[in-house]
Amino acid sequence: MALKLFHCHEARSMRSLWLINELELEAETIILSFGEALRSIDYLSKHPLGRVPCLEDNTGDKKVALFESGAIAEYLCENYDTKQLWREPGNPERAEWLQWLHYAETITVHAASLTQQAIAIYDPTLRSPTVRKLETRRLEKAIEVLEQHLQGRDYLLESGFSAVDVGIGYSLHVGRLFTDLSAFPTVHQYYQRLAQRPAFQQSLPAKDAEHRIYTAENYWLEEV
Ligand SMILES: N[C@@H](CCC(=O)N[C@@H](CS)C(=O)NCC(=O)O)C(=O)O
C-alpha cells in the first residue's frame, strides 16, 4: 500500500490514523509497541527521535517520509482531501485552521508531561506532585480557551467539522484522563460529539489490545 503509518495505540499517531479514516484513505498501519521498538535502528532511520507518528507516502512518484502529527495532517489534507477537512491558502478560515492545528500540541504537551509523571516514570519516588499539579493546571487553562471558543458552535470552525477537530479531539481524548472534562461542559459535549464519529472509533485500540499506554479509566483521581 502506498501510504504507511507508524502508530502506537493512543499516541499522537492516533491523530493521523483518525484523519486517514475520516478521509477514507487506504493505508497500511504498522503498530509499534511504545518503548524499545521505537529505538530500533530501522525505525530511527524513519523518525530520528524514535517517536510516532511517522507517515510514508509512495503514491506514484512520491517518496515522502514525514514525522510530526500536525505536518502529517496538513500533508494529508493538501494531497488527499475529498471531505472538505482542509482550509487551503486563500480560504477565509485558513488562519484560524492553522491556529487550531497547532493549538492541539499546546494542549498535548501538558497531557504528555502528565503521562510521564503518572505512567512513564515507573518509580513513584521519582515522580513530582508539584509538576503534576502545575501541568494539570496548565492543561485546564488550555482547555478553558476551548470552552470559551466553542460557545454556540459545534466545531472549532464556523463552517463545520474539519481536520483541526481531529487534532484537538485527540488532545481531549488524552487530556480527559488527567482532568475532569465535565468541569468544561461545552468541551465535554464537543468531545462526546467527536468520539461518536465512526472514524474516531476505528482509531481506538481494542480494549484488550497489547501495548496500550493508558490502562486506567483516569489518572486525575489518583493519590499523588
Ligand atoms: N510533536 C510531535 C510529538 C511526537 C511524540 O512525542 N510522540 C510520542 C507519543 S504521543 C512518542 O512517540 N513518544 C515516544 C518516546 O518519547 O519515547 C507530534 O505531534 O508528532
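Good morning. I begin with Glu10, which is found in the loop between strand 1 (3-7) and helix 1 (13-22). Please bear in mind that the model before you is predicted. Most residues other than glycine have a negative phi, and most peptide bonds are trans. Glu10 is not a glycine, and yet its phi is positive, at about 70°. With a relative accessible area of 5%, Glu10 is buried.

A second residue deserves mention here. Gln84, in the loop between helix 3 (69-80) and helix 4, also has a positive phi, of about 55°, although it is not a glycine. Is Gln84 buried or exposed? Its relative accessible area is 64%, so Gln84 counts as exposed. Glu10, by contrast, is buried.

I turn now to a peptide bond. The bond that leads from Val52 to Pro53 is cis, and its omega is near 5°. Pro53 itself lies in the loop between helix 2 (41-44) and strand 3 (54-57).

Next, the cysteines. How many disulfides does the structure hold? The number is zero. Consider Cys8: the closest cysteine sulfur belongs to Cys54 and is 11 Å from the sulfur of Cys8, which is too far for a bond. The cut-off for a disulfide is a pair of sulfur atoms within 2.5 Å. For Cys77, the closest cysteine sulfur is again in Cys54, at 18 Å, so a bond is ruled out by distance. Both side chains are hidden from solvent by the accessibility criterion: Cys8 is buried at a relative accessible area of 0%, and Cys77 is buried at 1%.

Finally, I come to a pair of helices. Helix 4 (residues 94-120) packs with helix 6 (residues 163-175) at an angle of about 15°, and their axes are 8 Å apart. Helix 4 is therefore roughly parallel to helix 6, angles under 35 degrees being counted in that way. The crossing of the two helices is left-handed.

Which residues of helix 4 and helix 6 meet? From helix 4 they are Trp97, Trp100, Leu101, Tyr103, Ala104, Ile107, Thr108 and Ala111. Their counterparts in helix 6 are Ala163, Val164, Gly167, Ile168, Tyr170, Ser171, Val174 and Gly175. Sorted by class, this contact between helix 4 and helix 6 has twelve nonpolar residues, four polar residues and no charged residues.

Thank you for your attention.

Definitions and conventions: Residues numbered from 1 in each chain as written. Predicted model: local features only at pLDDT ≥ 70, side-chain atom pairs only at ≥ 80, totals over all residues. Heavy atoms only, no water. Axes fitted to C-alpha atoms, helices over the stretch in contact; angles between N-to-C directions. Helix = DSSP H or I, 4+ residues; strand = E, 2+ residues; numbered from the N terminus. Parallel < 35°, antiparallel > 145°, perpendicular 65-115°, else oblique. Left-handed = near helix turned anticlockwise from the far one by under 90°. Contact = heavy atoms within 4.5 Å. Nonpolar A, V, L, I, M, F, W, Y, C, P; charged D, E, K, R; others polar. Buried < 20%, exposed > 50% of the residue type's maximum accessible area, 1.4 Å probe, protein only.
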